[in-house]
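User: I am new to this structure and would like a guided look at it. Could we go through it step by step?

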Amino acid sequence: MEGRRSGRGRGRGDKQPQHMGNEQETGDNQNPETGEQVATALTRITDILTHLVNQQGQGPANQHENHNVGEDKALERFHKFNPPKFSGGPDPDIAENWLESMGNIFAALGYTEERQVIFAVFQFEGAARSWWNVVSAKWEREEIPWTWTNFVNEFTEKFLPPLIQEQREDAFIQLRQGSLSVAEYEAQFTKLSKFCPDLVSTEKKRVRRFLQGLNLKLRDALAVAQVNTFTEVLDKTQRAEHARFQLKS
């Protein structure tokens with residue numbers, strides 16, 4: 001009897017490890033499923049992090065970098081025109097020529113007014129740089145807009161004071177062709193006319209003032225010609241001058 005009980009006990013004991021083995025086998029069958037879920041979750045987290053990183057790359061820092069690149073290219077284009085330096089000084093002709101050169105360059109580039117001011121003052125040296133430091137501080141303090149018009153007003157007030165401008169006005173009023181060629185006379189006329197805007201405020205006034213300064217023979221040659229624009233009067237005057245040279249030769 002005891003032996004039989006012992007046999008049954010051993011039988012049950014033999015079955016117990018087999019049952020435990022089945023549970024272990026069931027657990028192993030669930031592991032691939034769990035691992036798959038973990039892998040899927042990790043993939044989703046990775047995708048989210050990648051998206052966030054890409055969004056940050058398009059944020060203010062990246063915009064600032066692109067802005068700097070744009071400024072560098074704009075400055076490079078500006079320097080291709082070989083803009084002159086300006087160090088100040090008492091000679092109004094130097095100041096006037098520098099300002100005219102800057103205006104011509106910016107007209108070709110088409111930059112914003114603020115960028116025009118920034119690049120123009122980049123060419124300042126010595127006394128001109130010291131003067132601009134004072135002006136820019138005033139602009140910041142008084143919140144004056146960085147426009148080309150405001151810059152020109154400040155520049156002319158400093159380097160082309162009222163006395164100089166009055167002298168330029170007188171020079172324009174008294175301007176006559178004399179021994180100048182038509183091209184040379186026109187260059188002086190255009191340069192000085194900006195100091196007397198009221199005298200050339202319309203196309204008609206500009207044409208009349210130009211004709212008044214011409215030599216008498218050229219003026220007579222245009223007396224019968226009908227001209228309505230400054231371009232027309234300049235073209236006809238140069239043609240008349242050329243015809244006179246041909247007659248002389």
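Analyst: The following conversation moves from the overall fold to single residues.

Analyst: This is a predicted model, in which local features need pLDDT of at least 70 and side-chain atom pairs count only at pLDDT 80 or more, while totals for chains, interfaces and linings use all residues. Residues are numbered from 1 along each chain as its sequence is written, and side-chain values use heavy atoms, with hydrogens and water left out.

User: How many helices and strands are there in the chain?

Analyst: The chain has eleven helices and zero strands. Helices (H or I, at least four residues) and strands (E, at least two) are DSSP runs, numbered from the N terminus. Along the sequence the pattern reads α-α-α-α-α-α-α-α-α-α-α.

User: And what share of the residues counts as buried?

Analyst: Of the 249 residues, 25% count as buried. Buried means under 20% relative accessible area, exposed means over 50%, and partly exposed lies in between, with a 1.4 Å probe and protein chains only.

User: What about contacts between residues 24 or more positions apart?

Analyst: Such residues account for 61% of the contacts in the chain with a separation of 6 or more. A contact means heavy atoms within 4.5 Å.

User: Let us turn to helix packing. At what angle do α7 and α8 pack?

Analyst: Helix α7 (residues 162–173) and helix α8 (residues 182–193) pack at an angle of about 140°, and their axes are 9 Å apart. That makes α7 oblique to α8. Axes are lines fitted to C-alpha atoms, for helices over the stretch in contact, and angles run from 0 to 180 degrees between N-to-C directions. Angles under 35 degrees count as roughly parallel, over 145 as roughly antiparallel, 65 to 115 as roughly perpendicular and the rest as oblique.

User: Is that crossing left-handed or right-handed, and which residues make the contact?

Analyst: The crossing of α7 and α8 is left-handed, a term for a near helix turned anticlockwise from the far one by less than a right angle, with clockwise being right-handed. Arg168, Ala171 and Phe172 of α7 make the contact with Phe189, Leu192 and Ser193 of α8. By class, this contact has four nonpolar, one polar and one charged residues. Ala, Val, Leu, Ile, Met, Phe, Trp, Tyr, Cys and Pro count as nonpolar, Asp, Glu, Lys and Arg as charged, and the others, Gly among them, as polar.

User: New topic: how many aromatic pairs does a search of the whole structure find?

Analyst: The search finds 29 aromatic pairs. Rings of Phe, Tyr and Trp (its six-membered ring) pair if their centres lie within 6.5 Å; planes under 30 degrees apart count as stacked, over 60 as edge-to-face and the rest as tilted. One of the pairs is Trp132 with Trp139, whose ring centres are 5.2 Å apart and whose planes stand at 80°, so this pair is edge-to-face. Trp132 is buried at 3% relative accessibility, and Trp139 is buried at 1%.

User: And how do Tyr185 and Phe210 pair?

Analyst: Tyr185 and Phe210 form a tilted pair, 4.9 Å centre to centre with 40° between the planes. Tyr185 lies in helix α8 and Phe210 in helix α9 (residues 203–213), so the pair ties together parts that are 25 residues apart in sequence. Tyr185 is buried, with a relative accessible area of 1%, and Phe210 is buried at 0%.

User: Where is Thr156 found, and what does it touch?

Analyst: Thr156 is found in helix α6 (residues 148–159) and is buried, with a relative accessible area of 16%. Leaving out residues up to four places away in sequence, Thr156 touches Leu99, Pro161 and Gln165. The C-alpha atoms of Thr156 and Glu96 are separated by 8.4 Å, although the two residues are 60 residues apart along the chain.

User: Now the loops. Where is Leu180?

Analyst: Leu180 is in the loop between α7 and α8 and is partly exposed, at 29% relative accessible area.
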